[in-house]
Amino acid sequence: MTLDELLRSRRSVRSFRPEPPPDEVVERLIELAVTAPSASNKQPWRFVVVKKPEVIAAMAAAVREAVATVAEHVPMGSQEAFAAYGDYFTRFEGAPVVIAPIFRGHTVLSNLVSPSLPAELHEAVVVLERDSGLVGASLALMSLLLAAHDAGLGASAMTGPLLAAGRLKEILGVPVSWGIVALVALGYAAGEPRPTERKAGSKVTRWIR
Ligand SMILES: Cc1cc2nc3c(=O)[nH]c(=O)nc-3n(C[C@H](O)[C@H](O)[C@H](O)COP(=O)(O)O)c2cc1C
């Protein structure tokens, strides 16, 4: 597949066959993911790979509980719509492998600047360092999705589960200074998802020239 074909044919896969991909294949996907660029080459990523069905079930239960709590605070008229939306937050449940890419911000600048730095710039430093970690790990995540597709696997990135981020971090043993980027459901696709629509690039671009 050319890169063009790979990008255009990737789909978010949410239904999987039960058999897991071999561990070596998952390892190879991660080797490809870590070729991603990152700020100051800090490589602000780690990957927690979950194959234990009872752990995946506990993760899904935590997310379902968070969705139910949020549902109690959604106006009556929007509850049905929220239920349908929240249903997508646990779609990793049927995957034989769930990967949690995790990230942390770096502290290159914030360790360097003195407290006399104006508050606005100090805030900018903090945000840029946190976001740099998240962006770097997200680029690795995209490479992981494309590598999975190229290897004949189906995958989907999901941030809905982060409604239960605190519980997920406990279940997965993620250190407090790290955040979960998303959950990636991974396996052999059961069926072919329909393509989704995109606005044309020209419709979402503004040139300044
Ligand atoms: C940041 C991000 C968060 C997403 N969260 C979820 C999610 O919680 N549940 C889900 O089923 N899909 C989730 N998706 C998948 C999107 O719904 C999907 O990418 C989009 O509908 C376009 O479809 P496609 O990926 O098949 O092209 C997420 C995708 C991204 C990039």
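1. Over residues 171-190 the chain is 10% helix and 35% strand, with the end C-alpha atoms 28 Å apart; helices here are DSSP runs of H or I of at least four residues and strands are runs of E of at least two, numbered from the N terminus. An unreviewed UniProt entry annotates these residues, 171-190, as "transmembrane region", and such annotations may be inferred rather than shown by experiment.

2. This is a predicted model, in which local features need pLDDT of at least 70 and side-chain atom pairs count only at pLDDT 80 or more, while totals for chains, interfaces and linings use all residues. Residues are numbered from 1 along each chain as its sequence is written, and side-chain values use heavy atoms, with hydrogens and water left out.

3. The unreviewed UniProt entry also carries the annotation "domain: Nitroreductase", which covers residues 7-188. Over that range the chain is 45% helix and 14% strand, and the end C-alpha atoms lie 18 Å apart.

4. The chain has six helices and five strands, and from the N terminus on its elements follow the order α-α-β-α-α-β-α-β-α-β-β. Of its 209 residues, 35% are buried (under 20% relative accessible area, with a 1.4 Å probe and protein chains only). Among contacts (heavy atoms within 4.5 Å) between residues at least 6 apart in sequence, 82% join residues at least 24 apart.

5. Helix α2 (residues 23-33) and helix α5 (residues 119-150) cross at roughly 135 degrees, and their axes come within 8 Å; axes are lines fitted to C-alpha atoms, for helices over the stretch in contact, and angles run from 0 to 180 degrees between N-to-C directions. That angle makes α2 oblique to α5 (under 35 degrees counts as roughly parallel, over 145 as roughly antiparallel, 65 to 115 as roughly perpendicular and the rest as oblique). In this contact Leu29, Ile30, Leu32 and Ala33 of α2 meet Ala140, Ser143, Leu144, Ala147 and Ala148 of α5, which divide into eight nonpolar, one polar and no charged residues. Ala, Val, Leu, Ile, Met, Phe, Trp, Tyr, Cys and Pro count as nonpolar, Asp, Glu, Lys and Arg as charged, and the others, Gly among them, as polar.

6. Helix α3 (residues 53-71) packs with helix α4 (residues 79-87) at an angle of about 165 degrees, their axes being 10 Å apart, and the angle makes α3 roughly antiparallel to α4. Val67, Val70 and Ala71 in α3 meet Gln79, Phe82 and Gly86 in α4, so that by class this contact has four nonpolar, two polar and no charged residues.

Definitions and conventions. Buried < 20%, exposed > 50% of the residue type's maximum accessible area, 1.4 Å probe, protein only.
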